[in-house]
Amino acid sequence: MAESIIVRIQSPDGMKKISSTKHETAAAFLKKVAKEFGFSSNGFSVYLNRNKTGEILSQNKALSLLKIKHGDMLFLYPSSAGPSSENMDTAQPHTSSSFPSFPSSSSSSSSLSRSHSAPQIPEDDIDQYLSKQEGKIYRNRDPQLCRHGAMGKCVHCVPLEPFDEDYLNHLDPPVKHMSFHAYIRKLTGGADKGKFVALENISCKIKSGCEGHPPWPEGICTKCQPSAITLNRQKYRHVDNIMFENHTIADRFLDFWRKTGNQRMGYLYGRYTEHKDIPLGIRAEVAAIYEPPQIATQNSLELIEDPKADAVEEIAAKLGLRKVGWIFTDLLSEDTRIGTVRYTRNKDSYFLSAEECITAGHFQNQQANMCRLSPDGHFGSKFVTVVATGGPDNQVHFEGYQVSNQCMALVRDECLLPCRDAPELGYAKESSTEQYVPDVFYKDKDKFGNDITHLARPLPVEYLIIDITTTFPKDPVFTFSSTFRFPIENRDALGETQDFHSLATYLSQCTSSTSFLDIVSDFHLLLFLVTNEVMPLQDSIGLLLDAVKTSNEELAQTWKKSEQWATIEQLCSTVGGQSSGSLDYAMGGPPLPQSSSAVWSCLHCTFMNQPGTEHCEMCSLPRS
């Protein structure tokens, strides 16, 4: 008599058990499945793995040949699979029939109900890529400790998990925070493969819909009252490294402070890539810095409404970039003669002030990280903070940070305030008639080494900060390859304006041998072409953006022949000035007569001189 087996079938509507034998054919087995679930013969598909790999086809092969054993779990998806069937992925992303588990019916239904409530939001490309990587840390055979052959493995050489703390602590430099995907592997490991893992977002607000009592402040109960929060230093981070593509990006940003002494803020645009120095790590690569409208002094920054914000996002998206963070300066000159700066942010003062932590938390909440393991569809953020400040050597250093998910929750629900006289301290708000605020605590050690719990009034912001290494590559990378510099937006305080006169001056630097793609490959120039008020090209610049994104000279030349560029050439030619002659050479035409009655740019230092002068007011060199 053939040995009978039980095979479990998981579907969007629940799990059922099918009786079979090892020698039963796949075709006969699928007929049983169709009858049990009420499907037609072609209305569903059955797979060995949850990720829809290893489909069982209707054929005459025995189940034993397909390596289906007693107790294995298979996965059924209807042919018209919608979002509900895909949601099964959120509860158990890497389950395989080679590791069977036997949950009770109640636990199975609980898992399914949670997975159905999780919205299907597409994760970032880097998250989808890393979720498919093995992530194991492979080690060579130790000649002193390993007592086995070349093909064997032991505790001294077996591959490590990406979240192995001992390995991370022994890296140079040591890694205090595991990567977010390593953290997910830690949660989804073990016998149950993370079946009941759910990354819950913290809420500091009273739950709505509680009808057993009057609303706050007249009443509150344990069902609607948010839990108290004990702050812990986060063990993982969503971004493990920040890298500027080249030094030019940072130097141009710092020029504003060098020339005015006022602080400056900008948004970092780039992309997220794999950071191979840390298992399953993510790197934020910065390709450009956009400087929004702002009011700056030596000690303060104030952002004002930006009418170009949507256009910048649209241009960046078409260039394959996104907003990955923000950067600001906190620089004071130590000695202007040798260019040193003060070392003000250190372990004895603070690394980020409470106000900066609140601002970072606000930005991170705006740029939430899409995550399929969260019932809300998002968890944490990849948005980074970079501070340009003085280092121990009194030179400018770039320090990278994020704030923890707990800080994001406190900021989102308006529970955190800065302290006026102590920048390193925050303050958890107290409940009022307008708002209920849960208790916030943090733990510290006394002089005897005992854990002491303190109420977060005030709160050291070091509990909220995650530091991130910030680097520059040995071999510079240039997403925007132009060797010329178009004026940066919103720098009217420096006398640097974006208009057609500055465009004509910019183009006059080019020669007939300069490629058109190199001329237009500048983020700030492309932004001006789209947003200028004289001739905005928002609806007709797509081909040029594609050319810059793909570094395709042919596409750039095709767009150069358009009517839009011809009009721009004409506008640049009519602004006058010495640049006209060089401009026409760069555009492929004969030089126009020079005009001595217009503002002219020095060929040596690019200073803009008043009309009627023959020598540069800045460098005293002759005009021609």
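Which residue in E13 is the bridge partner of Gly270? The partner is Arg322.

## Basis

This is a predicted model: local features need pLDDT of at least 70, side-chain atom pairs count only at pLDDT 80 or more, and totals for chains, interfaces and linings use all residues. Residues are numbered from 1 along each chain as its sequence is written, and side-chain values use heavy atoms, without hydrogens and water.

## The barrel

A barrel is closed by 7 strands, in the order E8-E10-E9-E13-E18-E19-E25. The pairing is mixed. Strands are DSSP runs (E, at least two residues), as are helices (H or I, at least four), numbered from the N terminus. Two strands pair if DSSP finds at least two bridges between them. On average, neighbouring strands of this sheet are turned by 35 degrees against each other, direction ignored.

Helix H8 (residues 247-260) packs on the sheet. H8 touches E8 (241-244), E9, E10 (281-290), E13, E18 (384-390) and E19 (396-403). Contact means heavy atoms within 4.5 Å. The direction of H8 makes about 45 degrees with that of E10. Angles run from 0 to 180 degrees between N-to-C directions, and axes are lines fitted to C-alpha atoms, for helices over the stretch in contact.

E9 (residues 265-275) and E13 (residues 322-330) run antiparallel, joined by 6 bridges.

## The H9–H14 contact

The axes of H9 (residues 309-318) and H14 (residues 523-531) come within 10 Å and cross at roughly 125 degrees. H9 and H14 are therefore oblique to each other (under 35 degrees is roughly parallel, over 145 roughly antiparallel, 65 to 115 roughly perpendicular, the rest oblique).

H9 supplies Ala311, Val312 and Ile315 to the contact. H14 supplies Phe523, Leu526, Leu527, Val530 and Thr531.
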